[in-house]
Amino acid sequence: MPAARLLRGGKARPILLEEVETLLASRALVVDACRHVVRDARTVVSLARRPVLFALARALAEAWPADVPRAVLVARAFKAKAADESHRARLRVEVGRLRRMLRALAGVSATDRGFALVPQRAREVLVLARPVEEQHAAVLAFLADGESWSSSALALALDASQRTVQRALEDLAAAGKIQPFGRGRARRWMTPPVPGFTTTLLLSAPLPSG
């Protein structure tokens with residue numbers, strides 16, 4: 001069963017858990033989308049509570065060694081269809097914050113059209129992604145083993161607000177991916193196990209609050 005997907009040079013392939021362990025001990029700079037951290041063998045920088053910064057880091061890592069146009073970074077980080085001057089100003093601020101967060105691992109250089117990631121020690125940059133990436137994947141990962149969960153327990157496990165988790169559960173239920181049983185405080189949610197899903201890496205991924 002794949003534990004993650006490895007994104008390298010514009011290509012993706014599934015990898016096993018033992019390959020993940022080898023990768024994390026290597027000399028590569030890894031943008032880990034399973035745990036929302038940027039790391040090499042010696043240093044780990046968590047961006048779990050900084051979703052905009054992580055989105056920028058991942059976009060830069062996926063393009064490495066090339067740069068990423070500003071419009072693409074605006075779309076990835078801010079979900080904006082078109083970049084106006086306010087978006088470009090905010091991008092400069094967020095890139096500055098990302099530079100400070102990653103200074104022990106990498107620099108972020110400005111180019112004519114955008115920005116590029118420049119590793120300090122690593123010889124290559126890789127992205128480690130979940131086996132399946134979709135909306136509310138963190139919630140699905142907890143429910144994938146077939147156990148039943150209350151919304152309050154999921155909120156605690158995911159370090160998210162109960163309203164955010166409840167909204168995710170309702171969306172997943174409407175899509176037929178999970179189902180509730182019970183009422184009120186006794187209500188629980190569950191789904192059958194997902195074939196080919198290794199949850200070891202997914203359980204630590206936070207759910208963006210909102």
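Predicted model: local features only at pLDDT ≥ 70, side-chain atom pairs only at ≥ 80, totals over all residues.
Residues are numbered from 1 along each chain as its sequence is written, and side-chain values use heavy atoms, with hydrogens and water left out. Local features need pLDDT of at least 70 and side-chain atom pairs count only at pLDDT 80 or more, while totals for chains, interfaces and linings use all residues.

Helices (H or I, at least four residues) and strands (E, at least two) are DSSP runs, numbered from the N terminus. Two strands pair if DSSP finds at least two bridges between them. Buried means under 20% relative accessible area, exposed over 50%, and partly exposed in between (1.4 Å probe, protein chains only).

Strand β3 spans residues 29-32, and both of its faces are covered. L29 and V31 are buried on one side, V30 and D32 on the other. β9, residues 125-129, runs parallel to β3. β4, residues 37-39, runs antiparallel to β3. β3 and β4 form a hairpin with four residues between them. In the turn, H36 has a positive phi of about 60°.

β9 also pairs with β1, residues 4-8. Five of the five residues of β9 are buried, so the strand is largely enclosed by the rest of the structure. V125, V127 and A129 cover one side, L126 and L128 the other.

The pairings, each with one pair of facing residues:

| Strands | Bridges | Direction | Facing residues |
|---|---|---|---|
| β3 and β4 | Three bridges | antiparallel | D32 and V37 |
| β1 and β9 | Three bridges | antiparallel | L7 and V127 |

D32 has a bridge partner in β9 too: L128.

**Nonpolar cores**

In soluble globular proteins, nonpolar side chains tend to be buried together. A nonpolar core here is a set of buried Ala, Val, Leu, Ile, Met, Phe, Trp, Tyr and Cys residues joined through side-chain atoms within 4.5 Å. The largest one has 34 residues, and L98 and L117 have the most contacts inside it. Two or more residues each come from β3, α2 (51-63), α3 (70-78), α4 (85-102), β7 (106-110), β8 (114-119) and β9. The largest share, eight residues, comes from α2. Apart from this core lies another, of 15 residues, among them L143, L154, V165 and L172.

Which residues does L117 touch? Not counting residues up to four places away in sequence, L117 contacts L29, L60, A61, W64, L102, A106, G107, V108 and V125. Contact means heavy atoms within 4.5 Å.

**Helix α2**

α2 has 13 residues. From first C-alpha to last, α2 reaches 18 Å, close to the expected 18 Å. The expected span is 1.5 Å times one less than the number of residues. Ten of the 13 residues are buried, so α2 is largely enclosed by the rest of the structure. The buried set is V52, L53, F54, A55, L56, A57, R58, A59, L60 and A61.

The charged end of R70 sits over the ring of F115, 5.2 Å from its centre. The criterion is NZ of Lys or CZ of Arg within 6 Å of the ring centre and within 35 degrees of the ring normal.

R163 lies in helix α7, residues 162-174. R163 is exposed, with a relative accessible area of 59%. Its C-alpha is separated by 9.3 Å from that of S152, eleven residues apart along the chain.
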